[in-house]
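Welcome, and do take a look at the model below.

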Amino acid sequence: MPLTLASIRQAPKAVLHDHLDGGLRPATVLELAAQCGYDQLPAHDAVALGHWFRDAADSGSLERYLETFAHTVAVMQTPEGLRRVASECAQDLAADGVVYAEVRFAPEQHLARGLTLDEVVEHTVAGFREGEQLAAEAGTPIRMVCLLTAMRHAARSLEIAELAVRWRERGVGGFDIAGAEAGFPPSRHLDAFEYMRANCAHFTIHAGEAFGLPSIHEAVAFCGCERLGHGVRITDDIFDADTGSAPRLGLVANYVRDQRIPLELCPSSNVQTGAVPSLEKHPFDLLARLRFRVTVNTDNRLMSDTTMSREMLKLVETFGYGWSDLERFTINAMKSAFIPFPDRLRIIDELIKPGYAVLLG
Ligand SMILES: [Zn+2]
C-alpha cells in the first residue's frame, strides 16, 4: 500500500503529546467566543482564524507561539466550553485514525470564570468520555487519557500534581510542566515531581525545546521524568553526527538512550518554535537511527495546522520512511504510554500490529 495521507489515516496511531488548548476547531473558537462574550479574536470567520493561528505560530519564537493560546484558553473557561473542546478533540483524533491519545492541558489556566481546579478536570474528562462514545459510534474507537500540566513560570505545580493523583482513577494518566523554558528550569518544581514519585504516579517534562542540555539533564537526573516533552536538544550531547564516522554520545544522551526515556518529538511544532531550523534538519532520523525511543506527536494541531497523519507523512517525505518505520514509532509510543502494561500490550497486539500487517500487505 503506497504511503499517502489517505492511507496513513487508515493506520492505527498513538499520540502522547497533544495540547487540548492547541487543538480547537477554528469554528468552535468562534462559536464559544460568541457564547461567552469574548471579543478579542483577531479574525471573524473560521478560515481566516485558522490561518491567523498558523501564521502567528510560525514566527519562530516559543514566546510568540505561546501567545496564540490566550485566545483558545479564553473560550475554555466554562463547563460547556471545556466539555465541547474535549469531546471534539477525541472525535478529531479518532477520525484521523488515532486509537490511543494522551492529551494535556493546564487546569490552572481555566479558573477565570470561577470554576475550581477539580471542576475543570471533571468537565474536561466528561468531554473526553463523550468524545470516546461518539467516536466509537462512528466506527473509530479511541482511548483518551488526560495529562495535567502545571505552568513552569507559576507556583502551583505541587497543587496540580496533587490534582493529577486525586483524579488518576478517573481519567487522568499523569502530570507535566510546560510554558516558557528559559529561566524556569525543571528543578524549580522538584517538590511536585517528588510528590508524583512518592505516589508512584507518571509524569513527563517539557525539556530541551527552547532551552538546551541543562534542562534535559535536570529533567532526567534531578526530577526523574519518565518521558521528555520534545527533548530535541539532546543533540547538544551528540557529537560528530555529520562527519560520516559513528556519532559519539555524551553522558546525558547515553543515559536517555540507555534508560529508554521516550522522546515526544513534534516535527512541525519543533520547526515553528525554532527548536530546529527545518524539517530536513530535524534530528528525528538521527535519533531514530541511534535507537533512541522516538515517538511522533502533534503538539498543537490548530497552531501547526496538522494531524498525526500529516506529521507522519512529513516524516515519510523527508526521511523516506516506510510502513514498518511508522509501526515502530507507534509501538514506541504505546510502550511509553501512561496506562497499565496489560492495556498497552492489548492495544499493540490487537490494534497496532494487525493494522500495520494489513498495510504492509
Ligand atoms: Zn508541548
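## The zinc site

Donors themselves are N, O and S atoms within 2.8 Å of the metal (3.2 Å for Na, K and Ca); water is not among the atoms, so sites may look incomplete. The model is a predicted one, in which local features need pLDDT of at least 70, side-chain atom pairs count only at pLDDT 80 or more, and totals for chains, interfaces and linings use all residues. Residues are numbered from 1 along each chain as its sequence is written, and side-chain values use heavy atoms, with hydrogens and water left out.

His17 (NE2), His19 (NE2), His206 (NE2) and Asp299 (OD) coordinate the zinc ion at 2.1 to 2.4 Å. The angles that these four donor atoms subtend run from 82 to 171°, which makes the arrangement irregular. Along the chain, the donors follow the spacing H-x1-H-x186-H-x92-D. Distant parts of the chain are linked here: His17 sits in strand β1 (residues 13–19) and His206 in strand β5 (residues 204–207), 189 residues apart. Helices (H or I, at least four residues) and strands (E, at least two) are DSSP runs, numbered from the N terminus. Both His17 and His206 are buried, a label for under 20% relative accessible area, with exposed being over 50% and partly exposed in between (1.4 Å probe, protein chains only).

## The sheet around β5

Strand β5 also belongs to an open sheet of four strands, ordered β5-β6-β9-β10 with parallel pairing; two strands pair if DSSP finds at least two bridges between them. β5 and β10 (294–296) stand at the edges with a single partner strand each, so one side of each lacks a neighbour in the sheet. From one strand to the next, the twist averages 30°.

β5 and strand β6 (residues 227–230) run parallel and are joined by four bridges, with Ile205 opposite Leu228 in β6. Helix α10 (residues 213–222) packs on the sheet and touches β5 and β6, its direction making about 170° with that of β5. Axes are lines fitted to C-alpha atoms, for helices over the stretch in contact (heavy atoms within 4.5 Å), and angles run from 0 to 180 degrees between N-to-C directions.

## The whole chain

The protein chain has 16 helices and 10 strands. Its radius of gyration is 19 Å, close to the 21 Å that the globule rule gives for 361 residues, so the chain is as compact as a globular protein of that length. That radius is taken over C-alpha atoms, and the rule is 2.2 Å times the number of residues to the power 0.38. Buried residues make up 58% of the 361 residues.

Definitions and conventions: Four donors count as tetrahedral if all angles lie between 85 and 135 degrees; four count as square planar and six as octahedral if opposite donors are over 155 degrees apart and all others between 65 and 115; anything else is irregular.
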